[in-house]
Amino acid sequence: MSTRPSPKFLCAIAVIAAIIALLPQATAAPDVDVTGKKVFVLPIKGPIDKSMLFIFRRAFRLAKKTKPAAIIIDLDTPGGRLKETQEIIDWIRSVDAPVYAFVNPNAISAGAIISLASDAIFMAPGSSIGSAMPIMISPMGGGVQQLPPDVKEKMLSVVRAMVRGLAQENGYSDDLAEAMVDPSKEYKIGDRVLCPEGKLLNLTAMEAIEIIPPQEKPVLAQAMVENMSALLAHIDLADADVVRFEEKQAEKLGRWITMIGPILLALGALGIYIE
């Protein structure tokens with residue numbers, strides 16, 4: 001029996017390769033007028049995954065070249081994978097421009113961690129932030145996977161150190177950051193307990209902007225703002241040109257391929273086996 005691949009199989013591989021070849025276009029610089037004062041707005045809408053990184057890579061590469069007046073990350077996310085979250089944080093650290101987080105309306109789990117990487121956090125009315133304890137999702141069924149205590153502690157210690165470092169870098173309370181991650185961590189200011197032991201810290205907009213003595217600054221967020229225009233006015237950039245980064249066609253294609261990538265690999269392996 002011949003082991004030579006059939007023409008149909010080779011054609012299928014060629015089509016897949018051609019699609020993947022389009023992906024580098026996803027990181028190309030957008031058609032943006034780089035003159036004048038600019039504010040880049042980057043959305044994080046929905047779960048944080050590999051495909052979301054296309055926009056961030058494109059935006060931050062352009063930011064390094066053009067030096068915008070500010071970058072605003074517009075957050076409405078339930079969280080996502082730690083690896084992709086770490087890459088977004090690395091991009092934030094690499095840019096020479098102030099980065100602001102706009103919680104609009106939710107920055108949960110990985111969204112809260114990314115917010116701690118920003119220079120200042122702003123909250124929309126009715127928004128919330130917190131609950132960043134790492135969990136493992138089971139590949140079978142997508143539910144939360146139960147882990148042995150030692151493995152769970154190892155994961156938890158890594159994320160504890162991450163959020164503590166981000167809080168120290170950007171002027172937030174490292175005790176507050178740890179309370180978002182570790183349910184064994186109590187968080188209080190003075191005699192007031194904001195998060196008792198056994199719970200994860202999650203703050204509403206009103207709680208995040210409250211000033212609780214003896215502290216002289218808000219608990220976490222700089223201010224509550226109605227919308228993006230109000231945020232720009234608050235940071236004295238109301239007259240700046242806003243550049244909103246949205247998915248390009250190539251990036252949408254990249255998102256689609258990322259989603260079906262495991263299926264393509266399985267089909268390819270099956271095809272090789274059949275041949």
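The model is predicted, with pLDDT of at least 70 needed for local features and 80 or more for side-chain atom pairs, while totals for chains, interfaces and linings use all residues. Residues are numbered from 1 along each chain as its sequence is written, and side-chain values use heavy atoms, without hydrogens and water.

Ser131 sits in the loop between strand S5 (128-130) and H5; helices (H or I, at least four residues) and strands (E, at least two) are DSSP runs numbered from the N terminus. Ser131 counts as partly exposed because its relative accessibility is 25%, the class between buried (under 20%) and exposed (over 50%), with a 1.4 Å probe and protein chains only. Beyond neighbours within four places in sequence, Ser131 is in contact with Ile108, Ser109, Met180, Leu200, Leu201 and Asn202, where contact means heavy atoms within 4.5 Å.

Helix H5 (residues 149-170) packs with helix H6 (residues 174-181) at an angle of about 150°, their axes 8 Å apart. H5 is therefore roughly antiparallel to H6, a label for angles over 145 degrees, taken on a 0 to 180 degree scale between N-to-C directions of axes fitted to C-alpha atoms over the stretch in contact. From H5, Leu156, Val159, Arg160, Val163, Arg164, Ala167 and Gln168 meet Asp174, Ala177, Glu178 and Val181 in H6.

How values were computed
Angles under 35 degrees count as roughly parallel, over 145 as roughly antiparallel, 65 to 115 as roughly perpendicular and the rest as oblique.
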